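Hi,

Here is the structure I promised to pass on. Have a look at it first, and then read my notes below.

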Amino acid sequence: WRYSTPGEVQSWGGEDGRQAAWSPGGWAYDTLRRSYAAAAVVAGTLYVHAGLLPAVATAAVEATRRDSGGADTADEQLDPAHALTQRVWADIESEAEDEVLGDSGPLWTRVLAKGDEGHACAFLASSLAAWNATRMVVGHTPQLLGVRTRCGGRLVMADTGMSSYYGGPMSAVEVVAGGAPVFYPPE
């Protein structure tokens, strides 16, 4: 709630209303459940909320191979992003305490954005290789001075904290062949 004004809390019907909306069976939860993907690879770029560490990245690829019987297919159901998304939602619904929902999971990790450069870049290289991607774009760890990169530009940290709580700059990253230019609107 630290980002919420009293008016926003009341717009949910108070704290109980917000809790009900975001619990399994609540309208907000169900909407997010239907439309949220834990990760996606588009044109060689892996998009994930906080980052994807090797153990979770490899587990999603292994689950995909297991579910496909080893078949090489473009079926959405056999995509590692689909496998990871299914695991995230299953863990949320069972209230599992594991690496997917914990501090090293794709929703919470800050290892790639804030960890030791050598370790972070090694983890990044392993995860990108597992998912056949060349770059990862993450949010979750605000970069209040603007979009930043690590690991030779292979990690793009796109969360600039543009909410009023953080006061960072508005920005947009356009991922195109050969680069990822950043745009800042004039002040």
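Helices H3 (27-35) and H5 (80-94) pack with their axes 10 Å apart, at an angle of about 155 degrees. That angle makes H3 roughly antiparallel to H5 (axes are lines fitted to C-alpha atoms, for helices over the stretch in contact, and angles run from 0 to 180 degrees between N-to-C directions; over 145 counts as roughly antiparallel). On the H3 side, Tyr29, Leu32 and Arg33 meet Gln86, Trp89, Ile92 and Glu93 of H5 (contact means heavy atoms within 4.5 Å). By class, this contact has four nonpolar, one polar and two charged residues (Ala, Val, Leu, Ile, Met, Phe, Trp, Tyr, Cys and Pro count as nonpolar, Asp, Glu, Lys and Arg as charged, the others, Gly among them, as polar).

This is a predicted model, so local features need pLDDT of at least 70 and side-chain atom pairs count only at pLDDT 80 or more, while totals for chains, interfaces and linings use all residues. Residues are numbered from 1 along each chain as its sequence is written, and side-chain values use heavy atoms, with hydrogens and water left out.

H5 gives the most, four residues. The lining divides into 17 nonpolar, seven polar and seven charged residues.

Best wishes

Notes
Helices (H or I, at least four residues) and strands (E, at least two) are DSSP runs, numbered from the N terminus. Angles under 35 degrees count as roughly parallel, over 145 as roughly antiparallel, 65 to 115 as roughly perpendicular and the rest as oblique.
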